[in-house]
Structure formats: C-alpha cells, structure tokens
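Good morning, and thank you for the time.

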Amino acid sequence: MNSVPGLRILTRGEHSIHDDAIHPDAWKVLRRLHHADHTAYLVGGTVRDLYLGRIPKDFDVATTAKPNDIKRLFRNAFMIGRRFRLAHIKFMDNIIEVATFRRETDRFEEPEEVGGEAKAVRLYGTPEEDARRRDFTINGLFYDPFRGHVIDYVGGLADMEKRIVRTISPPDLSYEEDPARMVRAVRAAARIGFAVEAGTHEAIIRHREAVLRCPRARLLE
C-alpha cells in the first residue's frame, strides 16, 4: 500500500511506458544523476506523452540535485533563470532541461539596506511538493526509469483515464496565479484529444480577460 495519502504508483507492467522510448540524451542525464546518488525522474508533459504512446517534444528531468551539483556533474550545462535556476544540458542537437524539486512558491528576503534588491530564497522541496505546484494533473506525473514506476500525487492518472485536463489547484486560483494557463489548458486538450474538465473550463470563461494582461512573450512561449 502507498504510505502517502493520495499517492498512486504504477509499477512496471502496469503502464505502457517503454524505456527504449526515452531519448538517449535523457538517459545520459538520468544515469549520471542517479550514479551521483541523486533522485532523478522524468516529469510533466514528457511522462504524459510517454504514457499515451506519443513521442515527447522535450525530455524534462526533475531531481534532488541542486543547481551547483548539476553544474559540477555536467560540463555542458548552462544555467538559466533568475528566481529559480534551471539547467539546460546541451547535446549535439538536443537540450535536456533539469530542475531541482521545489515547493509551491519562492519567498523573498528583505533588502539589507534602503534601495537594495530583495533576494529570492530558493525553496527546494520534495517530489510531492513539486508535483502540487504544477499546472494540470496530467502534467504532474513523474516517471522513475530505474524502478519503472509512474508516480502520481495529484490525481493525474485518473484524469488520464478520463481523458480530461484539470488544474491541480482550484481553477480560479490557478488562473489568477498565471493567466497563461488558460491558453495552455486549451492547447493541451487540443493537442492530445482530451476535454477540458467542466470546472477548469468554466473558470476560463470567468477569467478570460486576464489573458490580455499576459506579456506577449509569455503567451508565445
């Protein structure tokens, strides 16, 4: 039985993910992190697409390794981001994005002096905390390739079976935090042939004008 309430794990043989569908460059990253005693999972849309038998556009990794650890392990790693550092590990014609598990939000220290800048406190977290900060349940899945486990803290497997897109946090709150999620919900549903769950859809109608406040670069992304 699962020891964490709400946790659901599919073991190898209970799901359709085949390890030979994982890109060789992603395997290089996963194995090096694993051999350095760090937990390393495939995450998000990567797992969703593998579960559906689709070829993922990107192979993203989440790990217990901190940014400095990643930088030491990979000479081909380039760090991006200001509030939360991500690693882009560059191969010949591919980039594997690696992020440290983190909590729901970052908080900030007060400036040390008047006019100084507040510094972000990077709050790293557990896999469960990382899953719960994501946008949709179907994007909150992890895949542990070393055990062959699909790990679900947010009800993503049930929604995969129902073929629906649902926000992890209450939809009104989710869209207030990031209005671009409304566009992502519709795009994800159209791309994989799912429906947008009723509450998630109704909140899009209520908050639709907030999309106009999104930076254009964010919407293009």
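What you see is a predicted model. By the pairing rule, in which ring centres must lie within 6.5 Å, there are five aromatic pairs. I begin with one of them, formed by tryptophan 27 and phenylalanine 146. Their ring centres are 6.2 Å apart and their planes stand at 75 degrees, so this pair is edge-to-face, given that angles over 60 degrees are placed in that class.

Where do tryptophan 27 and phenylalanine 146 sit in the chain? Tryptophan 27 belongs to helix 1, residues 24-35, whereas phenylalanine 146 lies in the loop between strand 9 (141-144) and strand 10 (149-152). The two are 119 residues apart, and the pair thus links distant parts of the chain.

Is tryptophan 27 buried or exposed? With a relative accessibility of 11%, tryptophan 27 counts as buried, because the limit is under 20%. Phenylalanine 146, at 29%, is partly exposed.

Turning to other aromatic residues, Tyr41, Phe101, Phe142 and Tyr153 together make up one aromatic cluster. Phenylalanine 78 has lysines over its ring face: lysine 71 at 5.7 Å from the ring centre, and lysine 90 at 4.8 Å.

Finally, the matter of confidence. The chain has a mean pLDDT of 89, and 89% of its residues reach 70 or more. Over residues 106-118, however, pLDDT stays under 50, and the model has 20 contacts beyond four places in sequence for that stretch. Where pLDDT is low, predicted coordinates should not be read in detail. Thank you for your attention.

How values were computed
Residues are numbered from 1 along each chain as its sequence is written. This is a predicted model: local features need pLDDT of at least 70, side-chain atom pairs count only at pLDDT 80 or more; totals for chains, interfaces and linings use all residues. Side-chain values use heavy atoms; hydrogens and water are left out. Rings of Phe, Tyr and Trp (its six-membered ring) pair if their centres lie within 6.5 Å; planes under 30 degrees apart count as stacked, over 60 as edge-to-face and the rest as tilted. Helices (H or I, at least four residues) and strands (E, at least two) are DSSP runs, numbered from the N terminus. Buried means under 20% relative accessible area, exposed over 50%, partly exposed in between (1.4 Å probe, protein chains only). A charge sits over a ring if NZ of Lys or CZ of Arg is within 6 Å of the ring centre and within 35 degrees of the ring normal. pLDDT is the predictor's confidence in each residue, from 0 to 100. Contact means heavy atoms within 4.5 Å.
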